[in-house]
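Me: Please take a close look at a single part of this structure. I would like one connected account of its surroundings.

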Amino acid sequence: MIELPFFLEVKGEDLFGIVAVPDESSGQTAATLLPAGGYTFSPQRNGWGTRLTRSLAASGVAALRFDWHGIGDSSGRAGNFALDQPFADDALAVVDMARAEGWKRHLLVGHCFGARTALAIAPRVDGLGGVALVSPPVRDHARGEGGANRLAYDIGTAGYLRTAAGKFRWRALSDPAERRRYLRLARSFVRIRLGALKRRVQQIGGSGVDPVPWVSRPMLDQLSWLTDRGVPVLFVYGDEENDFAEFGEARQGRLGEILEKHADTIRIEVVPGSVHGMDRTDTQDRVLEVVTAWASEVTERTPLKFS
Amino acid sequence: MRTTAVAIRPWRRDPTTGVTEEAGFDDSRFAVLHLPTRPHRAVVLCSPLHAEMQRNYRREVLLSRRLAAEGSAVERFHYRGTGNSAGGPDRLALETMIEDGIAAVRHLQGRVGEVPVAVLGTRVGGLVAAAVAAEVEAAGLALWQPLVKGSAYMREAERAAMARAITNTSGERPPPLREVLVTEGSADVLGERVYAALAASLEEAQLAKLIGEQPRPVLLAQAGGPDGLRGELARLADELATVGFAVTARPTGDAEVWWANPGGDLFREEDDKPLTVELLRVTADWVETL
């Protein structure tokens with residue numbers, strides 16, 4: 001295996017990444033690791049990102065890790081990480097570069113925000129061979145605002161406003177970033193409550209009620225798109241994380257139907273710990289094993305398709 | 001069959017400063033060089049480790065870009081066994097880190113020739129930077145919140161793990177780190193694997209000894225405590241000044257939680273953080289004086 005660093009221009013900024021190339025030159029498959037949203041560089045905690053891409057390369061799959069714009073060695077500013085606003089341009093540019101270098105089949109391996117980005121770009125990836133979703137959140141919210149999102153659904157307007165008043169800090173208004181955050185939370189709250197009102201009206205009108213209205217509709221549409229085309233999908237969650245609990249609840253709705261209908265192409269793996277935080281090394285190791293084994297399997301199983 | 005050769009671009013040029021950044025491997029050591037058109041100084045950065053490396057990483061990238069824009073050639077590197085570098089993390093030790101730092105200085109000197117050199121180290125990287133600077137005639141030494149004693153690193157790691165355990169639902173306290181390192185050879189500290197070889201190599205390390213006897217310019221930056229350097233750092237500054245080192249002490253306003261996972265300042269870009277702005281400014285100003 002050799003590793004080759006690269007810079008790649010995307011919309012005026014340079015993304016930094018490294019491609020791990022297997023010794024076997026006949027390999028046709030490349031996997032791109034789409035990192036979680038946040039201010040951590042592509043090797044990630046305890047070198048998890050580095051180890052995963054090297055492990056994939058050792059199994060014969062070329063693997064790319066990279067920093068989002070504004071993160072690690074890339075240039076620019078990251079801005080806000082919102083799950084419904086994935087960094088599609090960054091991800092597609094890396095995938096396109098791999099394709100231009102000769103890897104015709106592509107696997108996407110996304111972690112949290114990266115998983116949601118993988119789902120969002122999947123329809124635009126030629127030769128897509130599979131998508132591994134490592135702890136994908138099933139809600140839409142900005143980074144660090146999952147708790148506020150849950151409250152907006154769960155406790156109603158009065159409770160939400162009481163909680164918000166308790167957490168509000170006048171001093172924070174002097175900080176432009178905090179002001180923007182408050183504004184985002186307010187907008188998100190209004191959107192969620194209007195949605196609830198709409199559902200109540202539909203219910204009165206006799207329409208069916210979605211038992212889990214907070215589940216991201218774009219995410220479900222994207223997952224449907226993949227599974228309808230027979231693209232293998234791997235979900236990996238940790239048994240100690242909130243995202244897994246929410247994934248379980250979300251199965252009461254449309255997600256459950258999709259999973260049931262496509263049980264032959266969707267695999268769900270649950271490992272000990274929190275995959276979202278990767279805050280235990282045994283969790284990291286287990287995820288690495290699961291993803292590497294899945295990548296080898298789908299690479300062998302799925303015939304190379306060209307679109 | 002894959003037919004095209006890999007021909008990807010391992011460099012970038014900043015359109016506003018004209019600085020070129022080159023990424024690559026020097027043997028198994030991953031490094032990024034920031035090269036201005038006519039460098040008149042060379043600066044090598046020695047990172048901290050584990051969670052502290054992640055926390056400081058973008059700050060080091062921004063510092064390198066700023067210094068390069070102001071005429072310094074800069075080399076950042078990952079110690080073997082960490083980040084993008086090759087090598088087993090179980091072999092990482094203070095000695096291998098110092099070897100990597102010296103190799104980085106030689107590598108950068110090979111690119112830019114004989115210009116004044118400065119070495120910057122953060123936290124445990126401060127111990128590395130001190131030892132590296134001692135090997136380079138008249139090199140300046142910049143230290144961001146350095147560890148004065150190597151043994152403090154494992155103590156702080158253990159304290160951070162204990163603090164996390166308090167918030168765990170299980171309420172289980174982790175066993176003493178030293179004990180685990182002896183019996184297992186490594187330990188999981190907040191999702192970072194720490195090996196016995198590193199712990200052993202840090203046990204007796206002292207900044208005052210590693211820095212050598214040859215007086216040189218030293219910048220001591222302390223995160224937090226705007227009223228002056230505190231405790232061990234204040235004593236170190238006095239000690240060095242007494243034996244002829246030109247010490248510049250720069251306490252900064254904001255404190256930093258080092259041995260914790262990045263994410264404290266969740267909504268802030270690194271270049272918006274007051275501590276980062278201040279550290280970059282005081283370091284760039286100090287480098288100008290060399």
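What follows looks at one residue, A:Glu3, and then at the chain around it. Which side chains make polar contacts with the side chain of A:Glu3? Is A:Glu3 buried or exposed?

Reply: The model is predicted. Start with the location. A:Glu3 sits in strand 1 of chain A, which covers residues 2-10. A:Glu3 is buried, because its relative accessibility is 12% and the cut-off for buried is under 20%.

Now the polar partners. The side chain of A:Glu3 meets the side chain of A:Arg54 in a polar contact of 2.9 Å. A second polar contact, also listed at 2.9 Å, links the side chains of A:Glu3 and A:Arg65.

Next, the wider surroundings. Neighbours within four places in sequence are set aside here. Within chain A, A:Glu3 then touches A:Ile18, A:Val19, A:Ala20, A:Arg54 and A:Arg65. From chain B, the contacts are B:Phe25 and B:Asn84.

Step back to the whole chain. Chain A has 10 helices and 8 strands. Of its 307 residues, 58% are buried. Take the contacts in chain A between residues at least 6 apart in sequence: 71% of them join residues at least 24 apart.

For contrast, look at a surface site. A:Leu197 belongs to helix 6, residues 176-204. A:Leu197 counts as exposed because its relative accessible area is 53%, and exposed means over 50%. With A:Val190, A:Leu194 and A:Val201, A:Leu197 forms a nonpolar surface patch. Together these residues have about 380 Å² of accessible area.

Definitions and conventions: Residues numbered from 1 in each chain as written. Chains lettered and ligands numbered in written order. Predicted model: local features only at pLDDT ≥ 70, side-chain atom pairs only at ≥ 80, totals over all residues. Heavy atoms only, no water. Helix = DSSP H or I, 4+ residues; strand = E, 2+ residues; numbered from the N terminus. Buried < 20%, exposed > 50% of the residue type's maximum accessible area, 1.4 Å probe, protein only. Contact = heavy atoms within 4.5 Å. Patch = residues over 30% accessible without salt bridge, like charges linked within 9 Å, V, L, I, M, F, W, Y side chains within 5 Å. Areas by Shrake-Rupley, 256 points an atom, 1.4 Å probe, with all protein chains shown as cover. Salt bridge = Lys/Arg side-chain N within 4 Å of Asp/Glu carboxyl O. Polar contact = N/O pair within 3.5 Å; in protein donor to acceptor, adjacent residues only side chain to side chain.
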